[in-house]
Amino acid sequence: ATDSPVVFIGTGEHFDDFEPFEAKGFVSRLLGMGDISGLFNTIKDTIPLDKQPELINRLAQGIFTLRDMREQFQNVLKMGPLGKVMSMIPGFSADMIPKGQEKAGIARIKKFITMMDSMTDDEMDCDKQMSDSRVL
């Protein structure tokens with residue numbers, strides 16, 4: 001009616017739930033086919049570009065420490081709601097994680113991060129095995 005283009009689309013009730021409208025990505029998510037370009041943009045915005053080659057080299061060598069896991073947990077939390085991220089993956093839907101379970105999953109990730117914050121540098125880098133007093 002107004003011949004105005006759609007620039008943003010609201011995907012939720014909060015201010016952070018606005019995202020740029022891309023017709024191709026929107027329709028593919030609507031059809032349950034995911035939005036790979038949107039997922040890559042989200043990952044690119046979340047994970048610093050200077051850290052990516054370093055992480056890839058470490059993974060290629062078979063090195064993945066608790067410190068790396070903690071960074072990945074933080075990156076997952078920065079990406080936004082897990083249901084929104086899951087809807088961008090082809091074959092997955094936003095309903096795959098029920099609303100109440102999403103909050104519980106985020107709480108578990110935050111608990112893991114808190115546990116890792118209490119570890120020593122040697123434990124985080126897997127240089128030294130944890131003593132029995134440090135294990136629950």
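This is a predicted model: local features need pLDDT of at least 70, side-chain atom pairs count only at pLDDT 80 or more; totals for chains, interfaces and linings use all residues.
Reader: What makes the contact between Asp 121 and Arg 67 a salt bridge?

Author: The closest N and O atoms of Asp 121 and Arg 67 are 3.4 Å apart, and the rule asks for a side-chain nitrogen of Lys or Arg within 4 Å of a carboxyl oxygen of Asp or Glu, so the pair is called a salt bridge. By this rule the count comes to four salt bridges.

Reader: How do you know whether Asp 121 is buried or exposed, and what about Arg 67?

Author: Asp 121 has a relative accessible area of 55%, and exposed means over 50%, so Asp 121 is called exposed. Arg 67, with a relative accessible area of 29%, falls between the limits of 20% and 50%, and therefore counts as partly exposed.

Reader: What makes Arg 67, Asp 121 and Asp 125 a network?

Author: Besides its salt bridge with Asp 121, Arg 67 forms a salt bridge with Asp 125, where the closest N and O atoms are 2.8 Å apart, and in this way Arg 67, Asp 121 and Asp 125 are linked. Asp 125 is partly exposed, its relative accessible area being 29%.

Reader: How do you know that Arg 70 and Asp 117 meet in a salt bridge?

Author: Their side chains come to 2.6 Å, N to O, and this value is within the 4 Å cut-off, so the name applies. Arg 70 lies in helix H4 and Asp 117 in helix H6 (residues 99–117), so this pair ties together parts that are 47 residues apart in sequence. Asp 117 has a relative accessibility of 46%, which is not over 50%, and therefore Asp 117 is called partly exposed rather than exposed.

Reader: Which residues line the second largest pocket, and which of them lie nearest its centre?

Author: The second largest pocket holds about 320 Å³ of space and has a lining of 18 residues, with Glu 19, Pro 20, Gly 38, Thr 42 and Met 88 nearest its centre. H2 gives the largest share of this lining, five residues.

Methods: Residues are numbered from 1 along each chain as its sequence is written. Side-chain values use heavy atoms; hydrogens and water are left out. Buried means under 20% relative accessible area, exposed over 50%, partly exposed in between (1.4 Å probe, protein chains only). Helices (H or I, at least four residues) and strands (E, at least two) are DSSP runs, numbered from the N terminus. On a 1 Å grid over the protein atoms alone, a cavity is a set of points where a 1.4 Å probe fits but cannot get out, and a pocket is an open set with protein on both sides within 12 Å along at least five of seven lines; lining residues have an atom within 4 Å of a point. Grid points are joined across faces, edges and corners, and a volume is the space filled by probe spheres set on the points.
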